[in-house]
Amino acid sequence: MSTSIKQPQVITCKAAVAWGAGQPLVVEEVEVNPPQPEEIRIKVVCTSLCRSDITAWETQAIFPRIFGHEASGIVESVGPGVTEFNEGEHVLTVFIGECKTCRQCKSDKSNTCEVLGLERRGVMHSDQQTRFSIKGKPVYHYCAVSSFSEYTVVHSGCAVKVSSIAPLEKICLLSCGLSAGLGAAWNVADISKGSTVVIFGLGTVGLSVAQGAKARGASRIIGVDTNPEKCEKAKAFGVTEFLNPNDNNEPVQQVIKRITDGGADYSFECIGDTGMITTALQSCCDGWGLAVTLGVPKLKPEVAAHYGLFLSGRTLKGSLFGGWKPKTDLPSLVNRYLKKVRNTRKPSCGNCA
């Protein structure tokens, strides 16, 4: 008696499709092909909006396209050759994968995989084709994830298995913004205890940098943003002082140098503005000041800075995904979150106290 293994079929589902740069996204019925070798198909449970999605939607030329790269979900089916994942397992998507065999993956100095690095052409890494279509016409991917769809297909190296008890609606931020900020503070800058930190931009990434700086024991964490409503929110994440550049008559870098007696030990550019990278450098102290840039610029990708800033001992570093190796480091981050939740959960009755 012969047995047959059920093969994944094409799925029709809803997705938010971008048809052109800056044009409103349209919810469409899309066909999602079965996963090919070394790929998995995921039912997206939760996705969030990253500023990088908006920047690409406004400026890039590859359309139609499904954006979204920060998501959590459940494995719906696996392609041939996949042994790491099984149907029903919970996962985080990642926009930079990890093959674990290339030079970059083997090095402890990098997380930029040569095989599954940042995908810019809107196709799958394996065969340079798409897995989405509408009426037979291809719809392109974004960052090898495309989570603004009920179902998506990713390379198995661009997904990370997580505990089934981790709340998917909360940990999805670990697939980009939260990890990017924490890692910039912990891995890239390696903030030292008692130091002074300044953060330009208090969105998800900037607030995550603040959390990381607080955890590392920074004595002063100065948040800079033009939105006054972020002041109190930022303090809840560890920011000790708030600066609104619009409230000062002098350049913000001069204000920072004045109130820090010469400049911050560390500065972080979390906006996506190359002009602010220069400002972040100028806000650092001589000798050892370190500026880290995390943002993705919409315009003017070139950075301009006076050479004297570097001769005086300042350093500029870039940070992609916080320096984390996705498959190696994300599971431990999720476990840290779960441990923190358990430790802070209030007892439900007197007998449990």
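In this predicted model, a polar atom of the Thr278 side chain lies 2.5 Å from the backbone oxygen of Ala304. Thr278 belongs to helix α8. With a relative accessible area of 15%, Thr278 falls under the 20% limit and is therefore classed as buried. When neighbours within four places in sequence are left aside, the residues in contact with Thr278 are Ala304 and Ala305.

An unreviewed UniProt entry places the feature "domain: Alcohol dehydrogenase-like C-terminal" at residues 205-331. Over this span the chain is 36% helix and 16% strand, and the end C-alpha atoms are 19 Å apart. The feature "domain: Alcohol dehydrogenase-like N-terminal" is placed by UniProt, again in an unreviewed entry, at residues 37-162. Residues 37-162 are 10% helix and 28% strand, with 22 Å between the end C-alpha atoms.

Antiparallel pairing is found among strands β3, β4 and β5. Strand β3 (residues 39-47) runs antiparallel to β4 (residues 71-78), and seven bridges join them. Lys43 stands opposite Ile74 of β4 in this arrangement. Strand β4 is also paired in the antiparallel sense with β5 (residues 90-93), over three bridges. Here Ser72 stands opposite Leu92 of β5.

A helical residue was also examined. Arg103 lies in helix α2, which covers residues 103-106. The relative accessible area of Arg103 is 68%, over the 50% limit, and Arg103 is therefore exposed. Although Arg103 and Val115 are twelve residues apart along the chain, their C-alpha atoms are separated by 9.9 Å.

Charged side chains were considered next. Side chains of opposite charge can pair when their charged atoms come close. In the model, the count comes to 15 salt bridges. One of these joins the side chains of Glu84 and Lys327, with an N to O distance of 3.0 Å. Glu84 lies in the loop between β4 and β5, whereas Lys327 lies in helix α10 (residues 326-344), so this pair ties together parts that are 243 residues apart in sequence. The two partners fall into separate accessibility classes: Glu84 is partly exposed at 35% relative accessible area, while Lys327 is buried at 11%.

Another salt bridge is formed by Lys161 and Glu89, whose closest N and O atoms are 3.5 Å apart. This pair also links distant parts of the chain, as Lys161 lies in strand β9 (residues 159-161) and Glu89 in the loop between β4 and β5, 72 residues apart. Lys161 is partly exposed, with a relative accessibility of 34%.

In a further salt bridge, the side chains of Arg258 and Glu250 meet at 2.5 Å, N to O. Arg258 is exposed at 52% relative accessibility, whereas Glu250, at 28%, is partly exposed.

Definitions and conventions
Residues numbered from 1 in each chain as written. Predicted model: local features only at pLDDT ≥ 70, side-chain atom pairs only at ≥ 80, totals over all residues. Heavy atoms only, no water. UniProt positions renumbered as here; feature names shortened; annotations may be inferred. Helix = DSSP H or I, 4+ residues; strand = E, 2+ residues; numbered from the N terminus. Buried < 20%, exposed > 50% of the residue type's maximum accessible area, 1.4 Å probe, protein only. Pairing = 2+ DSSP bridges. Polar contact = N/O pair within 3.5 Å; in protein donor to acceptor, adjacent residues only side chain to side chain. Contact = heavy atoms within 4.5 Å. Salt bridge = Lys/Arg side-chain N within 4 Å of Asp/Glu carboxyl O.
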